[in-house]
Amino acid sequence: QVQLVESGGGLVQPGGSLRLSCTASGSIFRINAMGWYRQAPGKQRELVAAITSGGTTNFADSVKGRFTISRDNAKNTLYLQMNSLEPEDTAVYYCNADITNTRLTRANYWGQGTQVTASL
């Protein structure tokens, strides 16, 4: 079994910062690409940022220059540093990971989601 557990969401004023974390646990052989998605009420889930196992990153245009994605492979943990938050960033943020388990089966996993709200 593999699980992804997120933390770090919350309420912040516009212009503020938050850091999200996502830790993978269980029968993990290798974690391949990882990413953060978000879903606002009434909207489709969208990719925010992604990072490969080698550290190559990509970002949605709406967050470029404000968000940073990183990972600590020794801790099986993914991070999203969010600066200059805007009300439009308000959403549930989900961690996603492409993981090969100890039986060498590769699958895609999601975390439970964490709420981020940027509001006065």
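User: Over how many bridges do E3 and E8 pair?
Analyst: This is a predicted model, in which local features need pLDDT of at least 70 and side-chain atom pairs count only at pLDDT 80 or more, while totals for chains, interfaces and linings use all residues. Residues are numbered from 1 along each chain as its sequence is written, and side-chain values use heavy atoms, without hydrogens and water. Strands (E, at least two residues) are DSSP runs numbered from the N terminus, and two strands pair if DSSP finds at least two bridges between them. E3 and E8 are antiparallel, and their bridges number six.

User: Which residue in E8 is the bridge partner of Ser21?
Analyst: E3 pairs with E8 in the antiparallel sense. Across that pairing, the partner of Ser21 is Tyr79.

User: In what order do the four strands of the open sheet lie?
Analyst: Six bridges join E1 to E3, with Val2 partnered by Gly26 in E3. Another six join E7 to E8, where Ile69 stands opposite Leu80. The edge strands, each pairing on one side only, are E1 (2–7) and E7 (67–72). The pairing is antiparallel and the order is E1-E3-E8-E7.

User: What is the average twist from one strand to the next?
Analyst: Axes here are lines fitted to C-alpha atoms, and angles run from 0 to 180 degrees between N-to-C directions. From one strand to the next, the twist averages 15°.

User: Why is strand E8 largely enclosed by the rest of the structure?
Analyst: Buried means under 20% relative accessible area (exposed is over 50%, partly exposed in between; 1.4 Å probe, protein chains only). E8 spans residues 77–82 and is largely enclosed because, of its six residues, the number buried is five.

User: Which residue in the hairpin of E7 and E8 takes a positive phi?
Analyst: E7 and E8 run antiparallel. Their hairpin has four residues between the strands. The positive phi, near 50°, belongs to Asn76.

User: Which residues does the disulfide join?
Analyst: A disulfide is a pair of cysteine sulfur atoms within 2.5 Å. The search of the whole structure finds one. Its S to S distance is 2.1 Å, and it joins Cys22 to Cys95.

User: How far apart in sequence are the parts that this pair ties together?
Analyst: Cys22 is buried at 0% relative accessible area, and Cys95 is buried at 0%. The link is left-handed, with -75° about the S-S bond. Cys22 lies in strand E3 (residues 18–26) and Cys95 in strand E9 (residues 91–101), so the parts tied together are apart by 73 residues.
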